[in-house]
Amino acid sequence: MEKFKPLLDLQIKHRTSLLYGLTSLLTAGGERLFSTVVFQCPCTAAWNLCYSLVFLLVPALVLFLLGYLLSARTWHVLTGCCASSTRAKCPSGCRGALVLLKLTASAAFVPLTWVAVALLGGSFYECAASGSKILARRLCQKISQCQNVSSHCYNVSSQCLEQLPLVPCSQAKESSVQDLLKDLKAESQVFGWILIAVIIIVFLLLTAVSRCLSPVSFLQLKFWKIYLEQEQQILKSQATEHATALAKENVTCFFESSHAKEIHIPSIKEWQQISSLHTFNPKDPYYSMLHKYVNRKEMSHSIRFCEGDEVVPEPGSVDLAGISTTRDL
């Protein structure tokens with residue numbers, strides 16, 4: 001087991017990067033399989049554009065919605081948000097906008113990967129562009145050698161517009177029209193690389209701005225991440241032990257027809273307090289709502305939002321995947 005410990009430490013240390021990398025590879029592989037096996041351009045002027053956009057954008061939309069659906073943070077924010085007794089915990093205003101922005105950025109990663117890989121492949125764009133009247137006119141101008149309006153030029157353009165939807169299927173009669181397929185593929189790949197560059201630049205800017213506005217130092221941010229990891233592990237362990245003890249006591253009392261012993265379980269209000277959106281106050285640096293709750297001054301005091309509190313990116317949502325143990329400090 002000791003032989004595999006360095007490998008396990010490496011996996012834990014870079015799990016966020018590995019997760020994003022694996023997700024990107026699975027998305028890219030799925031898109032290539034999808035475009036090769038399922039996608040078949042109809043090669044008609046009426047269907048090319050619509051058919052291609054559906055195959056390009058609908059899977060991206062589905063992946064985007066799944067990003068929201070599978071995000072634990074989404075349900076952390078929404079659970080109980082519409083109930084009258086817990087409505088106050090819902091983020092609003094700037095806090096709500098910041099939470100929505102972070103959720104959207106996380107959910108948009110996979111669909112943007114899908115679109116970028118699809119553009120690099122070129123199949124969807126070739127079919128869509130050949131069915132677009134606007135792009136068709138621009139492409140057909142390249143093969144028309146006429147400088148003045150003439151019947152010959154009109155015939156060349158008409159033939160190009162008629163045959164262009166057949167280009168993705170290699171069925172165009174004119175070789176000059178069929179050669180436009182290379183232009184379409186080149187344009188698609190250029191747009192794909194531009195999209196990738198924009199994604200990287202935006203991610204870099206958001207990360208840089210987030211770090212610049214951070215109320216804590218780099219080393220404290222490391223400590224914060226370690227604390228959150230340990231707190232979640234201990235909370236899960238303690239919750240499992242208490243739930244097991246409560247279930248065992250109730251089942252035993254049911255079969256023995258006896259009264260259950262009192263096992264303390266936090267009240268609904270206490271669960272709501274520690275489940276609220278975490279805010280950070282530099283004057284009272286609590287690293288989670290649980291940390292803030294157990295250090296409150298009064299038992300009845302609400303800890304949800306106080307003056308000076310800020311909604312800051314949690315250490316798990318920034319590029320600190322390299323911190324996993326105290327040895328890194």
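**The disulfides up close**

Tutor: Happy to! A search of the whole structure, which is a predicted model, turns up 3 disulfides.

Let's start with Cys41 and Cys127, whose sulfur atoms lie 2.0 Å apart. This pair links distant parts of the chain, 86 residues apart: Cys41 is in the loop between α2 (15-38) and α3, and Cys127 is in helix α6 (residues 123-130). The torsion about their S-S bond is about 80°, so this disulfide is right-handed. Both Cys41 and Cys127 are buried.

The loop between α2 and α3 also holds Cys43, which is joined to Cys169 with an S to S distance of 1.7 Å. Cys169 sits in the loop between α8 (151-163) and α9 (175-178), and the two partners are 126 residues apart. Here the S-S torsion is about 90°, so the bridge is right-handed. Cys43 counts as buried at 6% relative accessibility, whereas Cys169 is partly exposed, with a relative accessible area of 28%.

That leaves the bridge from Cys140 to Cys160, with an S to S distance of 2.0 Å. Cys140 belongs to helix α7 (residues 133-143) and Cys160 to helix α8, so the pair ties together parts 20 residues apart in sequence. Its torsion is about -85°, so this disulfide is left-handed. Cys140 is buried, with a relative accessible area of 4%, and Cys160 is buried too, at 0%.

Definitions and conventions. Residues are numbered from 1 along each chain as its sequence is written. This is a predicted model: local features need pLDDT of at least 70, side-chain atom pairs count only at pLDDT 80 or more; totals for chains, interfaces and linings use all residues. Side-chain values use heavy atoms; hydrogens and water are left out. A disulfide is a pair of cysteine sulfur atoms within 2.5 Å. Helices (H or I, at least four residues) and strands (E, at least two) are DSSP runs, numbered from the N terminus. Buried means under 20% relative accessible area, exposed over 50%, partly exposed in between (1.4 Å probe, protein chains only).
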